[in-house]
Amino acid sequence: MYTLTDKCQFQAQAIRQGRHKLAMVDLEIIDWITKQNGVAALDFSCETRETSTGSTQQLVHVILQSVEDVKMMQTDRTNAKVITERFLKYFQSADSNKPITDPLKGNVFPFQTTPFPEIVVTYRPLKQIARDILEEMLKDERRAILKKFETVWVLSQSVVFYHTDEQINENLTSGTSAKINEELEQVDKKYEFNQSYPYRFDSKESFDRDYEGKWHSYWK
(Lines give C-alpha, C1' and ligand atoms only; values in the text may rest on other atoms or scores of the structure.)
Protein backbone atom coordinates (compact mmCIF):
# COMPACT_ATOMS: atom_id res chain seq x y z
CA MET A 1 0.00 0.00 0.00
CA TYR A 2 1.37 3.39 -0.92
CA THR A 3 1.54 6.28 1.54
CA LEU A 4 0.99 10.02 1.52
CA THR A 5 4.75 10.40 1.20
CA ASP A 6 4.75 8.23 -1.94
CA LYS A 7 2.14 10.55 -3.48
CA CYS A 8 4.24 13.56 -2.53
CA GLN A 9 7.39 11.96 -3.97
CA PHE A 10 5.57 11.34 -7.25
CA GLN A 11 4.33 14.91 -7.46
CA ALA A 12 7.74 16.31 -6.48
CA GLN A 13 9.33 14.37 -9.32
CA ALA A 14 6.75 15.81 -11.72
CA ILE A 15 7.52 19.32 -10.43
CA ARG A 16 11.24 18.77 -10.92
CA GLN A 17 10.62 17.60 -14.49
CA GLY A 18 8.33 20.54 -15.26
CA ARG A 19 5.21 18.39 -15.60
CA HIS A 20 3.36 19.86 -12.62
CA LYS A 21 2.98 23.32 -11.09
CA LEU A 22 2.01 24.17 -7.53
CA ALA A 23 -0.73 26.62 -6.64
CA MET A 24 0.67 30.09 -5.91
CA VAL A 25 0.06 29.90 -2.15
CA ASP A 26 1.98 26.59 -2.02
CA LEU A 27 4.73 27.74 -4.39
CA GLU A 28 5.39 30.81 -2.27
CA ILE A 29 6.39 28.80 0.81
CA ILE A 30 8.44 26.32 -1.26
CA ASP A 31 10.35 29.21 -2.84
CA TRP A 32 10.82 30.76 0.60
CA ILE A 33 12.33 27.54 2.02
CA THR A 34 14.65 27.30 -0.99
CA LYS A 35 15.92 30.89 -0.77
CA GLN A 36 16.01 31.09 3.03
CA ASN A 37 18.04 27.90 3.50
CA GLY A 38 20.06 27.45 0.31
CA VAL A 39 18.42 24.12 -0.53
CA ALA A 40 16.21 22.88 -3.37
CA ALA A 41 12.71 22.41 -1.94
CA LEU A 42 10.23 20.77 -4.31
CA ASP A 43 6.94 20.04 -2.57
CA PHE A 44 5.29 19.17 0.73
CA SER A 45 2.31 17.28 2.13
CA CYS A 46 0.26 17.81 5.27
CA GLU A 47 -1.00 15.27 7.79
CA THR A 48 -2.84 15.55 11.10
CA ARG A 49 -1.88 13.28 13.99
CA GLU A 50 -2.92 12.55 17.55
CA THR A 51 -0.13 11.39 19.82
CA SER A 52 -0.32 8.60 22.41
CA THR A 53 -0.76 11.26 25.10
CA GLY A 54 -3.82 12.72 23.34
CA SER A 55 -2.20 15.91 22.03
CA THR A 56 -2.55 16.90 18.37
CA GLN A 57 0.15 17.68 15.83
CA GLN A 58 0.11 19.19 12.38
CA LEU A 59 2.75 17.31 10.38
CA VAL A 60 4.40 18.81 7.31
CA HIS A 61 6.54 16.53 5.14
CA VAL A 62 8.86 18.53 2.89
CA ILE A 63 10.52 16.91 -0.14
CA LEU A 64 14.02 18.24 -0.89
CA GLN A 65 16.07 17.47 -3.97
CA SER A 66 18.99 15.68 -2.30
CA VAL A 67 20.16 13.85 0.82
CA GLU A 68 22.63 16.69 1.39
CA ASP A 69 19.75 19.18 1.45
CA VAL A 70 17.97 17.07 4.07
CA LYS A 71 21.09 16.84 6.26
CA MET A 72 21.51 20.61 6.05
CA MET A 73 17.94 21.23 7.19
CA GLN A 74 18.09 18.64 9.97
CA THR A 75 21.28 20.05 11.48
CA ASP A 76 20.15 23.69 11.39
CA ARG A 77 18.23 23.68 14.68
CA THR A 78 18.26 27.47 15.03
CA ASN A 79 16.19 27.85 11.88
CA ALA A 80 13.53 25.31 12.90
CA LYS A 81 11.43 27.86 14.81
CA VAL A 82 11.48 30.28 11.88
CA ILE A 83 10.25 27.56 9.50
CA THR A 84 7.52 26.51 11.93
CA GLU A 85 6.32 30.12 12.20
CA ARG A 86 6.34 30.43 8.41
CA PHE A 87 4.16 27.34 8.06
CA LEU A 88 1.79 28.76 10.68
CA LYS A 89 1.36 31.79 8.40
CA TYR A 90 0.91 29.43 5.45
CA PHE A 91 -1.94 27.60 7.18
CA GLN A 92 -3.58 30.93 7.92
CA SER A 93 -3.18 32.01 4.29
CA ALA A 94 -4.30 28.65 2.88
CA ASP A 95 -7.34 28.65 5.18
CA SER A 96 -8.42 32.02 3.81
CA ASN A 97 -7.95 30.85 0.20
CA LYS A 98 -10.16 27.75 0.27
CA PRO A 99 -10.88 25.44 -1.44
CA ILE A 100 -7.59 23.54 -1.32
CA THR A 101 -6.85 22.31 -4.83
CA ASP A 102 -3.95 19.99 -3.93
CA PRO A 103 -5.10 16.84 -2.06
CA LEU A 104 -1.61 16.46 -0.57
CA LYS A 105 -2.23 19.59 1.47
CA GLY A 106 -5.83 18.99 2.49
CA ASN A 107 -5.32 17.07 5.74
CA VAL A 108 -4.97 20.10 8.01
CA PHE A 109 -6.60 21.47 11.12
CA PRO A 110 -8.80 24.55 10.62
CA PHE A 111 -6.72 27.61 11.41
CA GLN A 112 -9.40 28.69 13.88
CA THR A 113 -8.41 25.71 16.09
CA THR A 114 -7.36 27.23 19.43
CA PRO A 115 -4.64 26.72 20.25
CA PHE A 116 -3.36 25.62 16.84
CA PRO A 117 -1.70 22.18 17.15
CA GLU A 118 2.06 21.81 17.36
CA ILE A 119 3.59 22.01 13.87
CA VAL A 120 6.19 19.32 13.18
CA VAL A 121 8.21 19.71 9.96
CA THR A 122 10.08 16.70 8.56
CA TYR A 123 12.36 16.48 5.52
CA ARG A 124 12.81 13.73 2.95
CA PRO A 125 15.06 13.51 -0.11
CA LEU A 126 13.56 13.03 -3.55
CA LYS A 127 13.59 9.35 -4.50
CA GLN A 128 12.47 7.07 -7.30
CA ILE A 129 9.18 5.31 -6.56
CA ALA A 130 9.00 1.56 -7.15
CA ARG A 131 7.07 0.50 -10.24
CA ASP A 132 4.57 -1.58 -8.27
CA ILE A 133 3.69 1.45 -6.16
CA LEU A 134 3.19 3.56 -9.29
CA GLU A 135 0.93 0.89 -10.79
CA GLU A 136 -1.15 0.82 -7.61
CA MET A 137 -1.50 4.61 -7.65
CA LEU A 138 -2.48 4.51 -11.33
CA LYS A 139 -5.16 1.87 -10.70
CA ASP A 140 -6.64 3.93 -7.88
CA GLU A 141 -6.83 7.04 -10.06
CA ARG A 142 -8.48 5.05 -12.84
CA ARG A 143 -11.04 3.72 -10.35
CA ALA A 144 -11.72 7.25 -9.10
CA ILE A 145 -12.42 8.39 -12.67
CA LEU A 146 -14.78 5.52 -13.45
CA LYS A 147 -16.61 5.92 -10.14
CA LYS A 148 -17.97 9.23 -11.43
CA PHE A 149 -19.93 7.43 -14.15
CA GLU A 150 -22.88 5.40 -12.85
CA THR A 151 -23.19 3.33 -16.03
CA VAL A 152 -19.67 1.88 -15.67
CA TRP A 153 -19.38 -1.61 -14.20
CA VAL A 154 -15.63 -2.25 -14.31
CA LEU A 155 -12.39 -1.66 -16.22
CA SER A 156 -10.46 -4.71 -17.43
CA GLN A 157 -7.18 -4.06 -19.22
CA SER A 158 -8.14 -1.66 -22.04
CA VAL A 159 -11.90 -2.31 -21.96
CA VAL A 160 -14.45 -0.26 -20.02
CA PHE A 161 -17.58 -2.29 -19.28
CA TYR A 162 -20.98 -0.66 -18.92
CA HIS A 163 -23.84 -2.55 -17.29
CA THR A 164 -25.99 -3.03 -20.40
CA ASP A 165 -25.62 -3.31 -24.18
CA GLU A 166 -27.93 -0.33 -24.61
CA GLN A 167 -25.62 1.90 -22.58
CA ILE A 168 -22.79 1.34 -25.07
CA ASN A 169 -24.68 3.18 -27.83
CA GLU A 170 -26.21 5.72 -25.47
CA ASN A 171 -22.83 6.75 -24.06
CA LEU A 172 -21.22 6.82 -27.49
CA THR A 173 -23.92 9.19 -28.76
CA SER A 174 -23.91 11.41 -25.66
CA GLY A 175 -20.12 11.78 -25.65
CA THR A 176 -19.73 10.04 -22.29
CA SER A 177 -17.46 7.36 -23.75
CA ALA A 178 -15.24 10.01 -25.34
CA LYS A 179 -14.97 11.81 -21.99
CA ILE A 180 -14.07 8.58 -20.18
CA ASN A 181 -11.46 7.79 -22.83
CA GLU A 182 -9.95 11.26 -22.53
CA GLU A 183 -9.74 11.19 -18.73
CA LEU A 184 -8.22 7.69 -18.65
CA GLU A 185 -5.65 8.64 -21.28
CA GLN A 186 -4.71 11.76 -19.28
CA VAL A 187 -4.05 9.77 -16.11
CA ASP A 188 -2.12 7.13 -18.11
CA LYS A 189 0.07 9.93 -19.48
CA LYS A 190 0.54 11.33 -15.97
CA TYR A 191 2.05 8.00 -14.91
CA GLU A 192 3.91 7.66 -18.23
CA PHE A 193 1.84 4.64 -19.15
CA ASN A 194 1.15 5.44 -22.77
CA GLN A 195 -0.68 2.63 -24.51
CA SER A 196 -0.85 2.81 -28.30
CA TYR A 197 -4.60 2.27 -28.56
CA PRO A 198 -7.76 3.94 -27.18
CA TYR A 199 -9.95 2.26 -24.60
CA ARG A 200 -12.78 0.07 -25.93
CA PHE A 201 -16.27 -0.27 -24.50
CA ASP A 202 -18.32 -3.39 -23.83
CA SER A 203 -21.02 -4.42 -21.35
CA LYS A 204 -21.53 -6.75 -18.40
CA GLU A 205 -24.62 -7.96 -20.18
CA SER A 206 -22.51 -9.13 -23.11
CA PHE A 207 -19.84 -10.52 -20.77
CA ASP A 208 -22.38 -12.68 -18.93
CA ARG A 209 -24.26 -13.73 -22.05
CA ASP A 210 -21.47 -14.39 -24.54
CA TYR A 211 -18.61 -15.44 -22.24
CA GLU A 212 -20.52 -17.03 -19.34
CA GLY A 213 -19.08 -14.39 -16.99
CA LYS A 214 -15.56 -15.85 -17.27
CA TRP A 215 -12.54 -13.61 -17.85
CA HIS A 216 -10.36 -16.36 -19.30
CA SER A 217 -12.99 -16.88 -22.01
CA TYR A 218 -13.23 -13.16 -22.74
CA TRP A 219 -9.47 -12.62 -23.09
CA LYS A 220 -8.44 -15.86 -24.80
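Start by selecting Val-160, which stands opposite Phe-201 in E6. Strands here are DSSP runs of E with at least two residues, while helices are DSSP runs of H or I with at least four residues, and both are numbered from the N terminus.

The model is predicted, so local features need pLDDT of at least 70 and side-chain atom pairs count only at pLDDT 80 or more, while totals for chains, interfaces and linings use all residues. Residues are numbered from 1 along each chain as its sequence is written, and side-chain values use heavy atoms, with hydrogens and water left out.

**The sheet**

Next, select strand E5 (residues 159–162), which is joined to E6 by four bridges, the two running parallel. Two strands count as paired if DSSP finds at least two bridges between them.

**The salt bridges**

The whole structure has 12 salt bridges. A salt bridge is a side-chain nitrogen of Lys or Arg within 4 Å of a carboxyl oxygen of Asp or Glu.

Select Lys-105 and Asp-102, whose side chains meet in a salt bridge at 2.7 Å, N to O. Are these residues buried or exposed? Lys-105 is buried, with a relative accessible area of 1%, and Asp-102 is buried too, at 8%. Buried means under 20% relative accessible area, exposed over 50%, and partly exposed in between (1.4 Å probe, protein chains only).

Move on to Glu-141 and Lys-190, which form a salt bridge with their closest N and O atoms 2.8 Å apart. Glu-141 lies in helix H5 (residues 131–147) and Lys-190 in helix H7 (residues 176–190), so this pair ties together parts that are 49 residues apart in sequence. Glu-141 is partly exposed at 26%, and Lys-190 is partly exposed at 37%.

Finish with Glu-212 and Lys-214, a salt bridge whose closest N and O atoms are 3.7 Å apart. Glu-212 is exposed, at 60%, whereas Lys-214 is partly exposed, at 37%.
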